[in-house]
Amino acid sequence: MIPTKVSLVTIVLLSFYLVSCTNGKQMAYFQDLADTTKIHSISTYPYTPVELQPNDQVQIIISSASPEASQFFNLMSSVKVSGVEGISTQTSFQNVYGVDMKGIISMPVLGDLNAIGVTTEQLKDRLVTQLKDYLKDPIVSVRLVNFKVTIIGEVNRPQVIPVDGEKINVLQALGLAGDMSIYGNRVNVKVMRNLNDSMKVGFLNFNSTKAFQSPFFQLHQNDVVYVEPYKTKSLRSESFSFWVPIILSVVTTVTLIAWRLGN
């Protein structure tokens, strides 16, 4: 018995609807948000400032009312510049300090400073206190310059992301990585963080707004975000996803031809 045109269209549309619904459920964020509410108030985990770690690099700029006196507390480097009259040497302030494996920053005049577990704001306050013995009204600027996070797994552009500043959350990082792919498991995003020679892993479920309440929602320097694939993603599932539209098109074409011939 040859199906009618109406039943044929119904079958084809239903097939595509089922496939699209499956993908839609996988890709939706924050499914616990009610569409009827115009404004949602969601509590978030308190922001904690980034603490310095070994191998970090910080830019420290010291100034005061006396530029001549301030320059002794800043790193200086010589740069060779090519000009019309040949090569000349210029002196500039580099001001980038590395935190060694013991958590020490070595500075001119001030010597070694313990920076492990210290925020940039706390380091700034310490420097201002010490500099008052040498400079009048010292001004100190401290900035972390090697803040980066890594996004890997089922995202459209896996990459290492340099962060301008000291604050970025997982959603912002995923946006810079082109968002999760259609195979990305949104209910089990892993954030791996190295703390005190141990690796801690946080799990975020982006189908729920509870992800905002996790201490891993705000990223720290050198965090790695891993978006794992759904368990159904395999050669078999990829092959199925690839062949379903083709098979549906062939079946639709053949059935339409048969229907027309039967009429």
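Tutor: Ser-214 is found in the loop between β11 and β12, where helices (H or I, at least four residues) and strands (E, at least two) are DSSP runs numbered from the N terminus. The model is a predicted one, in which local features need pLDDT of at least 70 and side-chain atom pairs count only at pLDDT 80 or more, whereas totals for chains, interfaces and linings use all residues. Residues are numbered from 1 along each chain as its sequence is written, and side-chain values use heavy atoms, with hydrogens and water left out.

With a relative accessibility of 13%, Ser-214 counts as buried; the term means under 20% relative accessible area, with exposed over 50% and partly exposed in between (1.4 Å probe, protein chains only). A polar atom of the Ser-214 side chain lies 3.0 Å from the backbone nitrogen of Phe-216. Not counting residues up to four places away in sequence, Ser-214 touches Tyr-45 and Leu-204, a contact being heavy atoms within 4.5 Å.

Asn-207 also has its place in the loop between β11 and β12. Its relative accessible area is 16%, so Asn-207 is buried. Leaving aside neighbours within four places in sequence, Asn-207 is in contact with Ala-28, Tyr-29, Phe-30, Gln-31, Asp-32, Arg-186 and Val-187.

A search of the whole structure finds two salt bridges, each being a side-chain nitrogen of Lys or Arg within 4 Å of a carboxyl oxygen of Asp or Glu. The other joins the side chains of Lys-190 and Glu-228 (2.8 Å, N to O). Here too distant parts of the chain are linked, with Lys-190 in strand β10 (residues 184–195) and Glu-228 in strand β12 (residues 224–229), 38 residues apart. Lys-190 and Glu-228 are both buried.

Elsewhere in the chain, helix α3 (residues 120–131) may be considered. Its 12 residues should span 16 Å at 1.5 Å a residue, and its end C-alpha atoms are 16 Å apart, which agrees; the expected span is 1.5 Å times one less than the number of residues. In α3, Thr-120, Leu-123, Leu-127, Val-128 and Leu-131 are buried. These residues cover an arc of only 135 degrees around the axis, so they lie on the same side of α3; the arc is that of the directions from the helix axis to the C-beta atoms. What covers them includes β1 (57–63), β5 (104–107), β6 (111–114) and β7 (139–144).

Confidence remains to be stated. The mean pLDDT of the chain is 81, and 71% of its residues reach 70 or more; pLDDT is the predictor's confidence in each residue, from 0 to 100. Among the elements, strand β8 (residues 148–153) has the highest mean (97) and helix α1 (residues 5–27) the lowest (50). Over residues 15–23 the pLDDT is below 50, and beyond near neighbours in sequence this stretch has three contacts in the model.

Methods: A polar contact is a pair of N or O atoms within 3.5 Å; within protein, one must be able to donate a hydrogen and the other to accept it, and residues adjacent in sequence count only if both atoms are side-chain atoms.
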